[in-house]
Every structure is written in C-alpha cells, then in structure tokens.
Amino acid sequence: MDDPAVQQLAEAFARTIQHDRVIAAGDALGTDVRLAAAVNFKNLVKYRWVPTELAQDTGVQPIPDAEKAQIKQLLTGLMLSTPQLIRAQLSEALTIISSHDFPANWPQLLPQLVERLNAAGEDLAVINGVCHTANSIFKRYRNQFSSDKMIAELAASQDVFAPVALQAMKQLAGLLPAAAAGGDLERLKALLSAVRLLCRIFFSLNSPGLTPLMEGQLDEWMDAFHTMLAFSHPGLAAADAAGDPEREGVLDGVKAAVCANINLFMETSEEEFAKFLQTFVTDVWHLLMQVSNRPGQDNLAMAAIRFLTTVARSVHCTLFADPSVLKQICESIILPNLRVRDEDEELFEMNPIEYIRRDIEGGDSDTRRRAAADLVKALAGAYDAELTTLCTGYVAALLQEHVADPVKGWRAKDCAVYLVMAVTVRGKTGELGATTTNRLVNISDFFTQQVLPELQDPAVNERPILKADALKFVTTFRSQLPQQTLLALLQPCTALLASEAVVVHSYAATAIERFLALREGGRPKLAVSDVLPVAQPLLSGLFAAFRHPDSAENEYLMRAVMRLISFLGGEMAPVAPMCLKALADMLVEVCKNPKSPGFNHYLFESVAALIKHGAAADKAQLHSYEATLFPAFDIVLSKDVQEFHPYVFQILAQLIELSSPPLNAPYMAVFPPLLNPMFWERPGNVPALTRLLVAYLAKAGQELAAAGHLPACLGVFQKLIASKANDSYGFALISGIVTHLPPATYQQYLPTVWQLLFTRLQGSKTPRFTRGFVVFLALAVCKLGVEGVSASMDAVQPKVMLMILQQVWAPSLSSADGPEENKLVAVAATKCLTESADVYEATPLWQQLRSALDAKLAGTEVGSAGEEEGGEEGLEFGAGYSAAYAKLANASMPERPVLSEIADPKQFAESRLASFMQRVRGS
C-alpha cells in the first residue's frame with residue numbers, strides 16, 4: 001500500500017469526525033486495521049458527502065470542499081494499489097462520490113483512468129484497479145431512466161472510455177492463450193478478473209440503449225464474448241472442483257457476465273444483435289450442457305437460462321420450434337434445474353429463513369428453480385400445447401418414480417409439483433396468488449390426488465419438503481380454489497403448525513394468513529362466521545408454534561396472528577385479554593435482543609389490532625389492557641429500546657384516543673418526559689410522538705395547559721417547523737393546539753407562531769410547507785375568526801394578514817388536497833370574503849380570493865376520500881415502513897370530521913356570500 005497516500009487520505013477526513021473514529025492505515029498496521037479504516041471512510045462518505053435534509057437537521061455537517069478535493073485526488077490511486085477486500089469498500093465510497101460529483105464536479109476522473117490504463121502495459125494489478133474503479137463509476141447507468149442529461153453524460157463517458165475498454169479487452173483476449181498455457185493459475189485468474197470487469201463495464205455503458213459509438217464496436221466485442229464462452233481450462237476447473245463448492249470460479253464469473261451482456265442486447269437491441277444470435281444460442285446451449293449442480297455455478301446457470309428465456313419470448317422463439325429441441329430443453333435444462341439438490345435440502349434444514357426468502361418471498365429470482373420455471377413459461381407462451389403435453393408426461397413419470405419408492409423418490413414428487421406450478425401459472429399477484437392459469441392443466445385433479453394427501457397426512461414431521469410444497473401450492477392457487485375448499489384447508493394447515501420444521505410451520509402460517517386476506521368482489525372470500533368454529537384451534541396452534549426451536553420470533557407466525565385478529569375483529573373480544581397477555585410477554589422477551597424487524601412490526605400490529613377491536617366491543621376492558629401493556633412499555637422506555645419507541649408511542653396514542661377524560665394518572669405522569677429533546681432528536685420518533693402529543697391535547701389539553709406544559713409543546717413546534725423534513729409534523733402539532741384548546745390558553749403565543757411561520761416562508765419555503773401553512777391558516781380562521789387571526793398577526797406587523805392572503809394564501813389555495821383540507825380552506829375563504837371589512841375594501845384581493853374559492857369549490861366533491869387507511873395493504877410490513885419508523889395500520893388515527901357543523905362547504909359558501917352581497921347592496 002502507498003503509505004503516504006493513505007496517510008494523506010486519512011488526514012483529509014479525520015478532522016471531520018470524532019477522535020475515536022480517526023482512520024489511519026498502512027502496511028504495518030495489518031489488513032484488519034486497514035479494512036476498518038476503509039469501512040469508516042465509506043460510511044463517512046455515505047453520510048457526509050452530501051448529507052440528507054434530515055441529517056442536516058440533526059447537526060450533520062458536510063465534508064468541506066477542500067477536503068473533498070483532496071479525497072478525490074487520492075482515491076483513484078488507492079483503488080489501484082489496495083488489496084481486494086479494502087478495494088471493495090473504497091469502490092462503494094467512489095460510487096457514492098461519483099453519483100454526486102461525476103462528471104460536473106470531477107471532470108478529470110475518466111481522463112486519469114484512461115491515462116493509467118494506457119500506461120499499464122501488461123500489469124494486471126493496475127488493469128484490474130482501473131477497471132474496478134471504472135465499473136464503480138459506470139454502475140450509475142444501470143436501471144436508470146433515460147433523460148437528455150443522462151444521454152449526454154453517457155455519450156461523453158463512452159467517448160472517453162469505450163475505446164480504451166475495447167482495446168483492453170482485445171489485449172487481454174490476446175494474452176489469454178499464453179496465460180492458459182503457462183500454468184500460472186494466479187496470473188490467469190487475474191487476467192480473467194479484469195475481463196469480467198470489462199464485461200460489466202460494457203453492460204453498464206449499454207444499459208440505457210445502444211449508441212452509434214458502441215454499435216460501431218459491436219462486432220469486436222461480440223467476437224471477444226464468443227471467445228470467452230468457448231474458453232475452458234482444466235486447471236481452473238480442477239481448482240474450482242477442489243475448492244469451496246459455493247464459491248464462484250473466476251471463469252464462471254466471466255461467462256455469467258457475458259451471458260448478462262448478450263441477454264441485455266436481446267432485450268434492448270434485438271435487431272442489431274440478430275446476426276450474432278445463432279452463434280450465442282449455440283454457445284449457451286453447449287455451456288449449459290457442461291454446467292454442474294455445484295452452487296458455485298448457480299449464477300452462471302441462471303444467467304445462461306435467462307438468455308434462453310429472453311430468446312424464447314422474442315420473435316426468434318422459432319429457434320426452439322422443433323419438437324426434439326423442446327424435448328431436449330426440458331430434459332437437459334429444465335428438469336435438472338428444477339430438481340431439489342442436497343444443498344437445497346441442507347438450506348431447508350439449517351437456514352430455513354433463507355430458504356423461505358428464496359422460495360415464497362420473491363427472492364427465488366436468484367435460484368436455478370426460478371430461472372427454469374421462467375423458461376417453462378416463456379416456451380409455453382409460444383408453444384403452449386406442445387410444452388404442456390411434454391410436461392404432463394414428465395410429471396406423470398416423476399410421480400411414478402415417487403410411487404415406486406416413496407422414501408427415496410420424494411425428490412421426484414417435489415420436482416413434479418414445481419413443474420406443474422411452472423407450466424400452470426400464467427399470471428399472479430401478491431394479493432391473489434395465481435390469477436390466470438393454463439387451461440390445459442387440470443389443477444383440481446392434481447390438488448385432490450397429489451397435494452391434499454400431503455396436507456392431510458397426520459405424520460406432520462415426515463417428508464417436510466413435500467409438505468412445504470403442498471402448502472406453497474395451495475397458497476399459490478388460493479384464488480382458484482372454492483370457498484369451501486379453503487375453509488376445509490384451515491384444519492390441516494392448523495395441524496401443520498405443529499411441525500418441527502421451521503419452513504413447514506411457517507408455510508402453514510402463511511397459507512392461513514393469505515386465505516384470510518383473500519378478497520373476492522371487494523369482500524373477504526371467507527366469512528367470519530365460517531372461520532369462528534376453528535378460530536380457537538387456529539389461535540392456539542399459532543401461539544404454540546412460537547415454542548418451536550428457532551421460531552420464537554417467527555415473522556410468518558406473527559403475521560398470521562395479526563391477520564387472524566384483524567379478520568375476526570370484534571369477535572376477538574372474549575379472548576383478547578388472554579392474547580394480549582401472551583403478546584406482552586413476547587414483547588418483554590424480545591426487548592432483550594430485538595433482531596427480527598418483521599416479527600417486531602407484526603407483534604405491535606397485533607397488539608394494536610386487539611386494542612382496536614377489543615375496546616370497540618367492550619371499553620370497560622381498556623383498563624385491563626393498560627395494566628397488561630404498561631409494564632412491557634416501561635421496559636421499552638426505561639431500557640431505551642430505541643427501535644420500539646415509535647411503536648409504543650403509537651399504541652399509547654391509540655389507548656389515549658379510546659379513553660374518556662380525565663386521563664388516568666399514569667398517562668399524565670408519562671407526558672413531561674415526552675417533551676425531552678432526546679426523544680425528538682431521533683427521526684423515527686417524530687411522527688409517532690407528534691401523534692401522541694395531539695392525542696394528549698385532545699383528551700387533556702386544558703389540564704396540560706394548566707400544568708404549564710404549553711410553552712414546552714410550542715418549543716417542540718418551533719424545532720419541527722424549522723426542519724424541512726419535519727415541518728408537516730410541526731403543523732400537525734400546532735393544529736392540535738388550535739383545535740383542542742380554548743383560544744385563551746394559546747392566544748398570547750400566536751404572534752410568535754406567526755413570526756416563525758413567516759420566517760420560513762421568506763427563507764426556505766417548500767411546496768409541502770406552503771400547503772401546511774395554507775391549511776393551518778384556514779384552521780385558525782375557522783377557529784378564531786378573521787378578525788382574531790388578523791389581530792394576532794398585527795402584533796408581528798400591522799395589516800400583514802392582507803399581504804399574506806394576497807401573496808401566499810390565495811395563490812396557493814389549490815395546494816390543499818382531500819375532502820377535509822378542501823372543506824377547511826373553502827370555509828375559511830368564505831369567512832375572509834364575508835367577515836372582514838379590510839378584505840372587502842381591498843377589491844383586488846377580494847376578487848382574487850373569490851376566484852380561488854370558486855376554483856376550489858368547482859373541484860371539491862364533498863364526501864369523496866382517498867383510500868381508507870388501515871386496509872389490507874396497510875397491514876403489510878413495509879407499508880409506510882422505513883428503517884426508523886413503521887406506521888401501525890391498526891393504530892391509525894380515528895377520523896374526526898372537520899367542522900362537523902358544516903355539512904356542505906359549497907352550500908355554506910353560496911349562502912354566506914348571498915347574504916353578504918345583500919347586506920352590501922342594502923348599505
């Protein structure tokens with residue numbers, strides 16, 4: 001390592017971080033220290049190169065420009081001279097920097113790389129370093145929307161780097177025979193590593209589409225790709241076979257990158273690629289015939305199959321039209337890659353969560369099975385009858401193999417189930433499962449004869465993979481199964497919750513959850529009355545399953561608990577206290593070491609659902625809910641389990657909103673600490689804390705004001721409103737004060753409130769802030785009257801309200817959105833037009849407001865609303881979730897109609913304006 005350069009780099013950013021994080025590196029310190037330095041450097045760049053608004057609000061300062069320049073000057077040199085582990089961290093940092101600064105603020109970057117690459121000669125270390133750096137830069141072009149700016153930037157990058165990249169590829173291809181014959185495997189690996197990086201650079205530069213420059217080079221690139229696909233080396237193959245079976249060989253990595261490139265051209269530049277197609281289909285075919293089942297070759301197998309899948313979906317599917325070709329594809333590619341391997345079985349047993357992620361959560365996009373299934377679907381799109389006939393025969397043969405030896409032949413049945421699903425499913429969604437199916441396949445017969453017996457088998461711990469397959473099958477085809485069949489399946493699914501296999505009881509819980517979530521014609525497919533007879537066994541089975549080893553924090557089980565509680569609704573009331581106690585005990589336990597965000601979310605969602613439905617049926621139970629939950633909440637807050645704070649605050653708000661005034665002493669004791677700045681400095685707390693404070697104001701506002709807490713609440717408002725990230729919560733808090741407190745308690749503070757808002761309007765106005773201001777001013781007018789608001793603003797500047805109405809409020813009235821906001825601004829505008837002599841005398845302003853009101857009323861539909869909060873989608877983990885804050889759908893704020901005394905704002909406006917005009921004319 002270049003010690004002076006490393007020292008300079010460390011010094012460039014060491015001054016910007018705390019002393020305990022100062023980074024130093026050098027050969028004498030060892031790889032661990034140098035790697036730690038690189039990781040710290042990457043994190044520094046990530047959070048401080050261009051800090052987010054939220055980060056800046058919490059005091060994070062960007063790296064000074066002078067130090068940025070020093071870092072950029074040194075970073076490319078370090079990329080060429082550091083070991084691979086360290087280079088990987090520096091590469092991520094360089095990717096982040098280039099995403100902000102390249103090319104406008106780093107124009108010398110590519111010329112420096114080109115200069116180094118041209119001077120590298122046959123130095124593979126330098127070539128690899130340059131290519132690694134360029135690959136980090138050009139990744140930005142993958143999966144990016146096309147724009148004039150991006151196209152111009154891409155063209156400039158190609159002009160500078162594409163010629164030298166092609167020259168380097170030709171040079172390395174020329175060195176390949178000698179390196180292969182020389183017996184130096186390490187040099188050969190280094191050469192192939194550089195080739196792979198050049199392939200990835202080619203992919204990045206062509207991802208947005210083929211440009212004239214790259215089209216002119218296409219023949220030479222494709223010739224090099226053909227060479228790489230055809231290349232083999234016994235020494236490398238032997239080394240791969242003798243090494244870690246899960247590690248990808250360097251040559252396999254090159255071939256996988258080539259397959260990704262030719263697949264890209266089939267997808268984006270089919271016409272230009274057509275003349276190379278036959279050659280590459282042949283190359284990939286031969287390649288797949290040689291690929292083994294070794295996990296290290298999974299990426300290669302998937303990339304190759306993906307290319308054939310893209311060809312099968314194109315007009316060139318005729319390449320596979322011959323029945324013998326289809327037969328060979330099925331027997332040599334599809335079936336071998338659909339079969340379960342020893343590694344899959346080991347994953348099922350030793351790492352069940354990863355198995356589930358790959359199998360039912362969409363993570364199977366990186367598995368051979370998914371690739372093979374996609375190839376089946378692509379071929380079926382062109383040759384449905386022929387392929388279905390072939391697959392039907394294979395399914396029959398596989399099932400016969402299982403019948404002949406049920407103990408050893410379970411793998412054959414597993415393959416049959418996957419093949420049936422692959423050839424049958426034509427369209428699917430996460431909400432409904434399979435929505436369209438292959439009419440040539442009799443799903444009902446297969447379900448009855450092959451799937452149902454596995455589900456009904458009383459030996460729940462035998463043939464676990466086949467049971468998991470059966471559960472996946474009924475989950476996938478749930479929309480196609482009759483209602484009575486789904487109801488009947490609840491019993492065997494409940495029984496399978498007792499299986500010791502994590503995958504099996506997780507799939508059983510998933511099936512139950514998906515059945516209950518299924519909707520048909522806008523209504524649940526299963527009726528509550530039909531599920532009630534089995535609800536108790538379902539609940540017992542789900543809670544018992546948490547006692548399985550490795551399932552104490554099983555996300556799938558808890559999601560099923562949440563769904564069952566939400567599905568049963570008020571019918572849960574009799575058992576709600578018992579369930580709540582079990583959930584509270586789980587919360588206490590999980591506080592010791594929270595490690596499953598999904599489980600945690602559904603745990604709190606389940607608690608919120610019990611409160612929501614239990615209290616609705618019997619409010620007398622509210623005190624018992626509080627007694628059950630408060631000890632657990634006390635542990636969360638006293639032990640500072642930060643990831644749970646937003647959840648606890650939301651549920652406290654939910655409990656307060658369901659309570660009748662006056663609030664119990666424990667609630668009032670909790671309030672003062674909530675104003676502690678420490679809580680508000682954590683971004684994830686802000687939405688939940690704001691909701692909680694507004695709940696307090698609604699139920700105990702006057703008591704809090706009498707206790708002297710209002711100035712502290714306004715201090716929180718001041719902090720929030722100054723932040724672009726949190727100003728909407730500031731408006732929610734001040735709106736809660738104006739809505740729920742008598743004017744006399746806060747009027748003395750209104751001039752300061754207006755001063756803060758006017759400062760933001762002048763200095764850092766944003767569309768979101770403007771909308772919040774428009775709505776809040778409307779609320780203030782409706783609560784205090786036009787004259788009351790005007791008088792409070794006059795304390796800031798006389799007659800300033802007229803200027804605000806003319807320059808800010810009226811022009812932005814259209815920003816209000818939704819029925820509640822529209823109602824507020826319509827009523828407030830009407831009041832301004834009819835209750836203020838100053839507004840009426842300012843004729844241009846009056847006319848401006850009248851036009852804005854008419855436009856708003858013309859677009860307002862009373863009673864129209866967006867999607868209801870807390871629907872099925874809202875219950876899913878990830879709906880409203882971020883790393884810092886997860887909104888609980890079951891704890892959503894209760895609807896409180898704004899200005900309930902006014903039914904129709906349009907009628908209100910017309911009536912008031914008519915009366916006003918009569919008075920004006922009469923005078």
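User: Which helices supply at least two residues each to the lining of the second largest cavity?
Analyst: Those are α38 (767-794), α39 (800-809) and α41 (837-841). Helices here are DSSP runs of H or I with at least four residues, numbered from the N terminus. Before we go on, this is a predicted model, where local features need pLDDT of at least 70 and side-chain atom pairs count only at pLDDT 80 or more, while totals for chains, interfaces and linings use all residues. Residues are numbered from 1 along each chain as its sequence is written, and side-chain values use heavy atoms, with hydrogens and water left out.

User: And which of them gives the most?
Analyst: That's α38, with three residues in the lining.

User: What counts as a cavity, and how much space is in this one?
Analyst: A cavity is a set of points, on a 1 Å grid over the protein atoms alone, where a 1.4 Å probe fits but cannot get out; lining residues have an atom within 4 Å of a point.

User: Which residues line the second largest cavity?
Analyst: Val786, Glu787, Ser790, Lys799, Met801, Leu802, Ser836, Asp838 and Val839. By class that's four nonpolar, two polar and three charged. Ala, Val, Leu, Ile, Met, Phe, Trp, Tyr, Cys and Pro count as nonpolar, Asp, Glu, Lys and Arg as charged, and the others, Gly among them, as polar.

User: OK, packing now. How do α39 and α42 cross?
Analyst: The axes of α39 and α42 (residues 843-858) come within 10 Å and cross at roughly 45°. Axes are lines fitted to C-alpha atoms over the stretch in contact, and angles run from 0 to 180 degrees between N-to-C directions. The pair is therefore oblique, the class left after under 35 degrees (roughly parallel), over 145 (roughly antiparallel) and 65 to 115 (roughly perpendicular).

User: Who's touching whom in that contact?
Analyst: Leu802, Leu805, Gln806 and Trp809 of α39 meet Leu845, Gln848 and Leu849 of α42, contact meaning heavy atoms within 4.5 Å. Five of these are nonpolar, two polar and none charged. Leu802 also turns up in that cavity lining.

User: What about α15 and α19, at what angle do they cross?
Analyst: Roughly 50°, with the axes of α15 (residues 323-338) and α19 (residues 384-404) coming within 10 Å. That makes α15 oblique to α19.

Notes. 1 Å grid on protein atoms, 1.4 Å probe; cavity = no way out; pocket = protein on both sides within 12 Å on 5 of 7 lines; lining within 4 Å.
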